[in-house]
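Trainee: I would like to learn how to read helix packing and a chain interface from a model. Please take me through an example.

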Amino acid sequence: MGTGFLGYLARRVGRVVLSLVAVSLITFTLLQLAPGNFADIQRISSGATTIGSAGTEDVVNAFESRYGADVPQWKQYLIFMKGAVTWDFGPSYKYPTLDVQEIIATAFPISATLALLSVILALLIALPIGVFAALRQNSPADHGMMFLVTLGHALPGFLSAAFLVLLFTATLHLLPSSGWQGPQNLLMPVLALAIGPAAVLARYVRSSMLETLREEYVTAAFAKGGPRRTVIIRHALRNSLIPLVTVVGPLLASLMTGTVFIEALFRIPGLGLYFATAAASRDMPLLMGSTLFFAVILMVTNLLVDLVYGVLDPRIRADGGGGPRRAGTGSGKDSAGRNGKDKDRGWVRSRRRKLSPPISAQEVQ
Amino acid sequence: MTGPLLSVRDLRTHFVRGKETLRAVQGVSFDVEPGRALAIVGESGSGKTVTARSLLRLLPRTARIANGQAILRVPKRAGASGGHRRGSGSASDAHREVDLLALPERELRRVRGREVGMVFQNAMEAMNPTLTLERQLTEHLLWHGICGKTEARERAVRALGDVGIPEPERRIRTYPFQLSGGMRQRAMIAMAMLTEPALLIADEPTTAVDVTVQRQILDLLVEVKNRGTGIVMITHDLGVARYFCDDVVVMYAGRVVERAPTTALLDEPQHPYSVGLLGSSVELGDRARPLLPIPGSPPDLARLPSGCAFHPRCGRAELPRCQTDQDLVTLTDGRETACWKAVADA
């Protein structure tokens, strides 16, 4: 990989920093443009409920102690960003006793646990279904599984969550419907979160697998006398999973940054819930802090996906290092999409290229 | 040697597409002798590749082998681990015959890559892009239980060196895309020959490489042939056949239209299609004579004309005689043709 790789990494990190600045600016601006501010909204809601009017005082105090009285908005932004660089977002408006980074520190592990378990479960469901369906393409088994997959895909998460509660809590009395005390609280939200992604991934695995099974090197491996199972796993499955990384990465990121509905439904104190509350109540520090945090998670995941991709596919690894390399007289597949103008392109492009199979023509046939 | 190495009789392979049946191969027969090369020549769509792949049953799921035999003489092996093939003992005792088309899947697997090697058109596509050469070469030996891991690696390195790949110790650790096209093709041949199969099927092994490399690949295959391996060479290039093959089978629309020793076919083609194929060859044609392309295009297998499938494109066709089927007829000099006019002329 050498210096070419380090240069690549440096450029990517530089781009992440630029993106973060842009994200923070846009979020801050939008927040200023949004009607109402935290105090207004608190007043309205407290007027309705007649509790929490004392909180407004605390907020004003907390705000002024950090940002000073009557500072212009651009200065607020700068003060916020100055803190943000050192991972100090200041106190939240809504929860004035807590700093935003403390909220993130307690809520993120919860969302991350949920996300990680859901993705693992989704993969455990999707892989066998996808592979099996591909191996029996156009058979009744294939059609049946794809029907179920479409059903799972179409079912919204909150609906399956409600169904799970009905089944496990209301009918079987096996699991508590809400809370965050232990594994018994994990099962239903993880299941509810995994069903949709599992359906998407199964479809993806199937079409990717179908494509790989048609590759000449799979035939060639059979021609060498390879046992069916070995050829399918080592040659077909292994290569068809590489593009999956590009789907799983962003999926994991989006789940990690919180899933408002599921968290609300099961009363899980995850990040999504805080984020939604922050947006609704114009809680500037919490909203800015969580937005920036989400952005970092997303971009780091994307970077990781690209790096993992390079590890899994030696052709891309070679590209990222010493610049683009013509793949001999090779097939159109490899000379396509690489004109060598930009060193990064090898990584990015080939990723895009790999993203295309799920909706390719053969599935329509 | 008693009898041919491979004897194919009346091979018929169909593709089922909805309610339609495409007869891609319609009754192909040929023999391959040890140490000799047979070319199967024809345009794309003539069924030559399907014929080759039918032999090892490496066909897409829509394909059915409807009929035929492919009798291969394979050496009797003591067990899966028996490594020595070219041993002592009389030929008839040491061999048994298997029908490749009727063999159970489990036994077929032991024949694939072991008794019959296969070389593909494009090594870039026929080698797994994400596995090193080492992995792909050694797995071949390991699958057939020929030797252990360490020895497999040694053999693989030696095989790469034998086909003229420089620094095989280093190259074996690289991925296929890191080799040049010619080297990749050699590596693929080395891989196929690792197990010393008695028969090698080469499916257009020179089509995807540069002209300068073509010759090297052919020379490599000549070496393989001279070591006693029988070769089935699929090609659309009569130049390749001339350079390398002892006999030629010309296929058109799934049928054999002519079979002859290479020199006889090139000097005096009998079937009008062979004549046309020769006339449209850049390399083999008489330079003083203009190229004569065959008019029209290969027929749609779903809508084949009755009788000789070539007659709509044939300059010598006479209706209605050409609309009735014509089997291969053996001429006095032992060659065979499926054109009644050629038979009448002879």
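This is a predicted model: local features need pLDDT of at least 70, side-chain atom pairs count only at pLDDT 80 or more; totals for chains, interfaces and linings use all residues.

Trainee: At what angle do the axes of H8(B) and H9(B) cross?

Mentor: Helix H8 (residues 181–193) of chain B and helix H9 (residues 211–226) of chain B have axes that come within 10 Å and cross at roughly 15 degrees. Angles under 35 degrees count as roughly parallel, so H8(B) and H9(B) are roughly parallel to each other. Their crossing is right-handed.

Trainee: Which residues make the contact?

Mentor: An α-helix has 3.6 residues a turn, so residues three or four places apart point the same way. On H8(B) the contact residues include Gly182(B), Gln185(B), Ile189(B) and Met193(B). H9(B) contributes Val213(B), Gln216(B), Ile217(B), Leu220(B) and Val224(B). By class, this contact has six nonpolar, four polar and one charged residues.

Trainee: How many residues of each chain are in contact across the interface?

Mentor: Chain A has 23 residues in contact with 28 residues of chain B. On the chain A side, H9(A) gives the most, with six residues. By class, that side has seven nonpolar, nine polar and seven charged residues.

Trainee: Where does the kink in H8(A) lie?

Mentor: In helix H8 (residues 187–213) of chain A, a kink of about 30 degrees lies at Ile195(A), shortly before the proline Pro197(A).

Trainee: Is H8(A) mostly covered or mostly exposed?

Mentor: Mostly covered: 24 of the 27 residues of H8(A) are buried.

Methods:
Residues are numbered from 1 along each chain as its sequence is written. Chains are lettered from A and ligands numbered from 1 in the order in which they are written. Axes are lines fitted to C-alpha atoms, for helices over the stretch in contact, and angles run from 0 to 180 degrees between N-to-C directions. Helices (H or I, at least four residues) and strands (E, at least two) are DSSP runs, numbered from the N terminus. Angles under 35 degrees count as roughly parallel, over 145 as roughly antiparallel, 65 to 115 as roughly perpendicular and the rest as oblique. A crossing is left-handed if the near helix is turned anticlockwise from the far one by less than a right angle, and right-handed if clockwise. Two residues are in contact if their C-beta atoms, placed from the backbone, lie within 7 Å. Ala, Val, Leu, Ile, Met, Phe, Trp, Tyr, Cys and Pro count as nonpolar, Asp, Glu, Lys and Arg as charged, and the others, Gly among them, as polar. The bend at a residue is the angle between axes fitted to the seven residues ending there and the seven starting there. A residue is buried if 20 or more other C-beta atoms lie within 10 Å of its own, exposed if 12 or fewer, and partly exposed in between; C-beta atoms are placed from the backbone.
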